[in-house]
Amino acid sequence: MTTSEPQRPNKRQQLDERQQLDENQQLDENQQLDENQQSDETQPTSAPAATLVLASASPRRQELIAKLGLPVIIRPSDADENTPPDWSPATIVEELSLRKARAVAEATDRSELAGGAPLAIVVGSDTIVALAGEAMGKPKDESDAEAMLSRLQGRSHEVYTGVTLLDPGTGRAVTRHQVTKVRMKTLSPEQIRRYVATGEPMDKAGAYGIQGGGALLVESIEGDFYGVMGLPVSLVAGMLESFDIVLP
């Protein structure tokens with residue numbers, strides 16, 4: 001008696017079975033993707049911890065505050081920036097940063113400032129250059145800019161930046177300042193004239209911008225580069241913690 005061998009599936013059957021397995025696997029994967037997507041869509045999106053309201057029209061400060069990773073609203077301040085001549089550089093920048101923050105907080109509706117976040121924090125900032133304790137603001141004209149740079153060249157000076165964070169809801173404000181030491185190269189009158197002719201110094205404290213062509217005038221810096229630019233973001237991040245806003 002002979003026994004017949006089990007019939008082997010032909011190649012066509014093998015291909016059909018493999019194709020069916022692939023289709024079933026693809027269906028399972030698509031179903032899993034759909035379920036994951038639905039799960040993601042149902043998860044509530046968390047609002048940002050706060051909206052920062054920058055009380056400045058400065059492009060440099062706008063660039064720097066973005067590094068904090070929070071939503072930002074720009075509201076330039078029209079605060080009075082006149083100060084008594086006997087004020088120290090630290091007092092000047094702290095007071096002016098506070099004035100700027102208060103002016104914006106008082107002039108704008110609080111719900112508009114928050115922008116959907118649970119909290120709005122107004123950020124005011126002011127920067128001045130001080131040479132031997134004497135405050136130097138922005139130059140009035142090109143002659144004033146040349147005079148400032150002639151005094152700064154070949155010497156060290158300090159850059160003071162004051163920062164105020166203000167909660168419009170409670171009126172609570174925190175104010176700090178930071179000092180960075182900058183040494184400028186020895187410059188000829190012709191070098192100074194060429195730099196002033198670029199127009200860059202005209203809206204800068206001390207008549208130079210370290211983030212631009214003014215970097216070529218600087219020999220060394222001790223402290224926070226961003227503070228010289230106009231907004232020490234590391235200081236701001238630390239100050240935000242006093243409002244229970246902790247950044248990475």
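Biologist: Why is Ser 125 called buried?

Modeller: Ser 125 has a relative accessible area of 2%, and buried means under 20% relative accessible area, with exposed over 50% and partly exposed in between (1.4 Å probe, protein chains only), so Ser 125 counts as buried. This is a predicted model in which local features need pLDDT of at least 70 and side-chain atom pairs count only at pLDDT 80 or more, while totals for chains, interfaces and linings use all residues. Residues are numbered from 1 along each chain as its sequence is written, and side-chain values use heavy atoms, with hydrogens and water left out.

Biologist: Where does Ser 125 lie, and what is Ser 125 in contact with?

Modeller: Ser 125 lies in strand β3, where helices (H or I, at least four residues) and strands (E, at least two) are DSSP runs numbered from the N terminus. With neighbours within four places in sequence left aside, Ser 125 is in contact with residues including Arg 61, Lys 100, Thr 161 and Leu 231, contact meaning heavy atoms within 4.5 Å.

Biologist: What makes the pair Ser 125 and Arg 61 a polar contact?

Modeller: Their side chains are joined at 3.4 Å, and the rule asks for a pair of N or O atoms within 3.5 Å; within protein, one must be able to donate a hydrogen and the other to accept it, and residues adjacent in sequence count only if both atoms are side-chain atoms.

Biologist: What makes the pair Asp 126 and Lys 100 a salt bridge?

Modeller: The distance from N to O between these side chains is 3.0 Å, and a salt bridge is a side-chain nitrogen of Lys or Arg within 4 Å of a carboxyl oxygen of Asp or Glu, so the pair meets the rule. The pair links distant parts of the chain, with Asp 126 in strand β3 and Lys 100 in helix α3 (residues 89–107), 26 residues apart. Asp 126 is buried at 5% relative accessibility, and Lys 100 is buried at 9%.

Biologist: How many salt bridges are there by this rule, and which residues are joined into one network?

Modeller: The count comes to eight salt bridges. One of them pairs Asp 203 with Arg 60 at 3.9 Å, N to O; Asp 203 lies in the loop between α6 and β7 (218–222) and Arg 60 in helix α2 (residues 59–65), so this pair ties together parts that are 143 residues apart in sequence. Asp 203 also meets Lys 204 in a salt bridge of 2.7 Å, N to O, and salt bridges that share partners join Arg 60, Asp 203 and Lys 204 into one network.

Biologist: Is Asp 203 buried, exposed or partly exposed?

Modeller: Asp 203 has 36% relative accessibility and therefore counts as partly exposed, whereas Arg 60 at 16% counts as buried and Lys 204 at 9% counts as buried.

Biologist: How do you know that the buried residues of helix α5 are on the same side?

Modeller: In α5 (residues 142–152), Ala 145, Met 148, Leu 149 and Leu 152 are buried. They cover an arc of only 95° around the axis, which puts them on the same side of α5; the arc is that of the directions from the helix axis to the C-beta atoms. An α-helix has 3.6 residues a turn, so residues three or four places apart point the same way. What covers the buried residues of α5 includes β3 (120–131), β5 (156–166) and α6 (189–197).
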